[in-house]
Amino acid sequence: ASGTSTREALKARLKNLNGVQAVHIEEGLHSFTAYVMGGDELEICEVLWVNKPLGVTTTGSITHPVTASNGQVFSASFSRPVLIPLSLHINLRLKAKLDELELAALKSKIIDYTYHNIKLGDDPYPSRLYPVLFSEPKILDAISINLRRVGSLEPLPKDFKGYELANFDSAQIFIEQVVAP
């Protein structure tokens, strides 16, 4: 279908809004929830209202009034993605130990890489970090890379939902260094 109310058309219109970085839409029987990362709340609600199918309601944790073309005021709703805070535990074998500035730079590269490469609903596989780690010339090997939910010792679930986003903070990146003999 090629109307303005299709899932892909609605996602495209939302992504065109200033500040919107990602969109995921979950459909129900006579409703849908748009998960929108970034963007102005009122603008998002207006786009949802103008482009939603007739007889279908919007649902979500954020609701704003919108004015229809006939002057009536209705509500439109959406939600923000659920951020899943993760801790990263890395054990590295190196030629020489990284100093504090080098460690901070490596953590910054990891944060930057994950921000630009892990999208809504993506499972954050540790192996995705190899290019970042091996861009540091002192690193010989990644002995282990473990991801966990912050505050949990349980293994990371392998099935992130479309509205969930892995979230990394440099304070939750722990790097153990072993210098090769």
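**Exercise 1.** In which crossing, left-handed or right-handed, does α1 pass α2?

Solution. The model is predicted, so that local features need pLDDT of at least 70 and side-chain atom pairs count only at pLDDT 80 or more, while totals for chains, interfaces and linings use all residues. Residues are numbered from 1 along each chain as its sequence is written, and side-chain values use heavy atoms, leaving out hydrogens and water.

Helix α1 covers residues 7-15 and helix α2 residues 41-51, and the two pack at an angle of about 150° with their axes 10 Å apart. Helices here are DSSP runs of H or I with at least four residues, and strands are runs of E with at least two; axes are lines fitted to C-alpha atoms, for helices over the stretch in contact, with angles from 0 to 180 degrees between N-to-C directions. The helices are therefore roughly antiparallel (angles over 145 degrees). The crossing of α1 past α2 is right-handed (the near helix is turned clockwise from the far one by less than a right angle).

**Exercise 2.** Identify the residues through which α1 and α2 meet.

Solution. From α1, L10, R13 and L14 meet I44, V47, L48 and N51 of α2, where contact means heavy atoms within 4.5 Å.

**Exercise 3.** Describe the order and pairing of the strands.

Solution. An open sheet of 3 strands runs in the order β1-β2-β3 with mixed pairing, pairing requiring at least two DSSP bridges between two strands. Its edge strands are β1 (22-27) and β3 (57-59), each of which pairs on one side only. Strand β2, residues 31-37, pairs with β3 in the parallel sense over 3 bridges.

Notes: Parallel < 35°, antiparallel > 145°, perpendicular 65-115°, else oblique.
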